[in-house]
Amino acid sequence: MQKLMVSLLLIFTLGYKTTQAQNLKTKEGNKMEVEQNKKVVIKFNKEFFELGNTAITKEVLADTFVNHTAPPNAPTDASVMIQFITGFHRAFSNISVQIHEVIGEANKVSLRKTITATHTGEFMGKAPTGKKVEMNVIEIDILKDGRITDHWSRNDFMQVVQTL
């Protein structure tokens, strides 16, 4: 009986330690995935918004990508974003994206950023003013397999346009 109790105790202890080790590996794997997702979102912001590299959308946006911030009745794929950033880069120079915070959990990444630029070309019917502008943005992205599948964003862009 005593040998049976020792054997059961040993089995339960080993099983518990195995489960703990598996949980630790899962947490470490999730942490690595979250960190990788953060890098993807930061890369997208730097390449797409700051540099105007629209080709990056093919690399970091999923085929099923949905822009939940698209204007009403507009396509929710990346086309509206590409059209906007192309026009923005024609009308503004010295574009910089400063990322203040990046928070990741599970498959979501949220960031707070400021985009600064100088208005040097026509934009939305407004002639170049030479004014430096600053836009504040908060966004949330969902990723799957290292690619952005969903995007939400809130910004003060329209207030900035009104100051031009």
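Q: In the hairpin that strand 2 and strand 3 form, which residue in the turn has a positive phi?
A: This is a predicted model, and in it strand 2 (residues 92–105) and strand 3 (residues 108–119) run antiparallel, joined by 11 bridges. Two residues sit between the strands of this hairpin. The one in the turn with a positive phi, about 55°, is alanine 106.

Q: Which residue in strand 3 stands opposite valine 97?
A: Strand 2 and strand 3 are held together by 11 bridges and run antiparallel. Look across from valine 97 into strand 3 and you land on isoleucine 115.

Q: In what order do the five strands sit in the open sheet?
A: The pairing in this sheet is mixed: strand 2 and strand 3 are antiparallel, while strand 1 and strand 5 pair in the parallel sense over three bridges. Strand 1 and strand 2 are the edge strands, each pairing on one side only. The twist averages 25° from one strand to the next. Read across, the order is 1-5-4-3-2.

Q: Which residue in strand 5 is the bridge partner of leucine 61?
A: Strand 1 and strand 5 share three bridges in the parallel sense. For leucine 61, the partner in strand 5 is isoleucine 148.

Q: Which element gives the largest share of the largest nonpolar core?
A: That core has 31 residues, and Phe44, Phe88, Phe92 and Ile148 touch the most other members. The largest share is five residues, and it comes from helix 1.

Q: Leaving aside neighbours within four places in sequence, which residues is phenylalanine 88 in contact with?
A: Phe88 is one of the core residues that touch the most other members. With those sequence neighbours set aside, the contacts are Ile95, Ile115, Ala117, Phe123, Met135 and Phe157.

Q: Is histidine 151 buried or exposed?
A: Histidine 151 is found in strand 5 (residues 147–155). Beyond its neighbours within four places in sequence, its contacts include Phe65, His68, Met81 and Ile140. Its relative accessible area is 4%, so histidine 151 is buried.

Q: With which side chain does the side chain of histidine 151 make a polar contact?
A: Glu139, Ile140 and Asp141 are among the residues in contact with histidine 151. The polar contact between side chains spans 2.7 Å, and the partner is aspartate 141.

Q: Is aspartate 145 buried or exposed?
A: Aspartate 145 lies in the loop between strand 4 and strand 5. It is not a glycine, yet its phi is positive, about 55°. With a relative accessible area of 70%, over the 50% cut-off, aspartate 145 is exposed.

Q: How far apart in space are alanine 55 and isoleucine 82, C-alpha to C-alpha?
A: Alanine 55 lies in the loop between helix 1 (2–50) and helix 2 (56–60), and at 53% relative accessibility it counts as exposed. Alanine 55 and isoleucine 82 are 27 residues apart in sequence. In space, the C-alpha to C-alpha distance is 9.2 Å.

How values were computed. Residues numbered from 1 in each chain as written. Predicted model: local features only at pLDDT ≥ 70, side-chain atom pairs only at ≥ 80, totals over all residues. Heavy atoms only, no water. Helix = DSSP H or I, 4+ residues; strand = E, 2+ residues; numbered from the N terminus. Buried < 20%, exposed > 50% of the residue type's maximum accessible area, 1.4 Å probe, protein only. Polar contact = N/O pair within 3.5 Å; in protein donor to acceptor, adjacent residues only side chain to side chain. Contact = heavy atoms within 4.5 Å. Pairing = 2+ DSSP bridges. Core = buried A, V, L, I, M, F, W, Y, C linked by side-chain atoms within 4.5 Å. Axes fitted to C-alpha atoms, helices over the stretch in contact; angles between N-to-C directions.
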